[in-house]
Amino acid sequence: MSNYQRIDRISEEVRREVDKIIRDELSDPRIDGTWSITRADVTRDLRYAKIYVSVLEEDKQADFLKALKSAAGYIRRSLGKNMIIRYAPELSFVIDHNIEYGVHIAKVLADAQKTEAAHDDEQA
């Protein structure tokens with residue numbers, strides 16, 4: 001069980017460091033707008049890490065992902081310098097749609113509440 005906790009801690013640290021590297025060190029014009037690194041999944045052998053990225057502007061997602069994939073080597077080198085781990089994991093970036101889905105569900109619930117309130121007002 002402690003091994004899973006260790007991997008979770010390393011995954012969270014990788015997430016923080018990758019976020020910091022992208023914000024502070026990359027100057028690609030395709031990396032702009034509202035985005036966040038939502039999660040990092042590092043394999044048990046620390047060789048690979050899947051980084052989940054959420055970009056709120058849908059039209060910028062493809063360019064953002066291309067920019068990250070082209071800078072993956074640089075990010076990996078910086079990650080190896082910033083963290084004290086045996087291997088700097090090979091990074092793969094994936095768009096995470098969970099935040100978008102959460103915003104959509106919040107809108108649906110708000111609309112349902114408005115409809116219910118309007119229906120209650122009509123009956124009163």
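## Reading a predicted fold, feature by feature

Q: Where does Leu46 lie?
A: Leu46 lies in the loop between β1 and β2; helices (H or I, at least four residues) and strands (E, at least two) are DSSP runs, numbered from the N terminus. Residues are numbered from 1 along each chain as its sequence is written, and side-chain values use heavy atoms, with hydrogens and water left out. This is a predicted model, in which local features need pLDDT of at least 70 and side-chain atom pairs count only at pLDDT 80 or more, while totals for chains, interfaces and linings use all residues.

Q: What is the phi of Leu46?
A: Start with the general idea: most residues other than glycine have a negative phi. Leu46 has a phi near 65 degrees, which is positive although the residue is not a glycine. Leu46 is also buried, at a relative accessible area of 7%; buried means under 20%, exposed over 50%, and partly exposed in between (1.4 Å probe, protein chains only).

Q: Where is the confidence lowest, and where highest?
A: Read it through pLDDT, the predictor's confidence in each residue, from 0 to 100. The chain averages 88, and 97% of the residues score at least 70. Helix α4 (residues 98–123) has the lowest confidence, with a mean of 82, and strand β3 (residues 90–95) the highest, at 95.

Q: Which residues of the largest nonpolar core touch the most other members?
A: In soluble globular proteins, nonpolar side chains tend to be buried together. A nonpolar core here is a set of buried Ala, Val, Leu, Ile, Met, Phe, Trp, Tyr and Cys residues joined through side-chain atoms within 4.5 Å. The largest one has 29 residues, and Val14, Ile22, Ile51, Leu68, Ile75 and Phe93 touch the most other members. At least two core residues come from each of α1 (2–25), β1 (35–42), β2 (48–55), α2, α3 (72–82) and β3. Helix α1 gives the most, with six residues.

Q: What is Ile22 in contact with, beyond its neighbours within four places in sequence?
A: Contact means heavy atoms within 4.5 Å. With those neighbours left aside, Ile22 meets Ile31, Trp35, Ile37, Leu68 and Ile75. Asp19, in helix α1, counts as buried at 16% relative accessibility, and Asp19 touches Trp35 and Ile37 when residues up to four places away in sequence are not counted.

Q: How many aromatic pairs does a search of the whole structure find?
A: Rings of Phe, Tyr and Trp (its six-membered ring) pair if their centres lie within 6.5 Å; planes under 30 degrees apart count as stacked, over 60 as edge-to-face and the rest as tilted. The search finds one pair. The ring centres of Trp35 and Phe64 are 5.4 Å apart with planes at 45 degrees, so this pair is tilted. Because Trp35 lies in strand β1 and Phe64 in helix α2, the pair ties together parts that are 29 residues apart in sequence. Both Trp35 and Phe64 are buried.

Q: Which charged end sits over the ring of Trp35?
A: A charge sits over a ring if NZ of Lys or CZ of Arg is within 6 Å of the ring centre and within 35 degrees of the ring normal. The charged end of Arg23 does this for Trp35, 4.1 Å from the ring centre. Arg39 places its charged end over the ring of Tyr52, 4.0 Å from the centre.

Q: Which residues of α2 are buried?
A: An α-helix has 3.6 residues a turn, so residues three or four places apart point the same way. In α2, the buried residues include Gln61, Phe64, Leu65, Ala67 and Leu68. These cover an arc of only 160 degrees around the axis (taken from the directions from the helix axis to the C-beta atoms), which puts them on the same side of α2. The face turned away from that side carries the exposed residues Lys66, Lys69 and Ser70. Gln61 itself has a relative accessible area of 11%, and, leaving aside neighbours within four places in sequence, Gln61 is in contact with Val55, Ile95, His97 and Glu100.

Q: Which exposed residues does the face of α3 turned away from its buried side carry?
A: That face carries Arg77 and Lys81. Buried in α3 are Ala72, Ile75, Ser78 and Leu79. Their arc is only 130 degrees around the axis, which puts them on the same side of α3.
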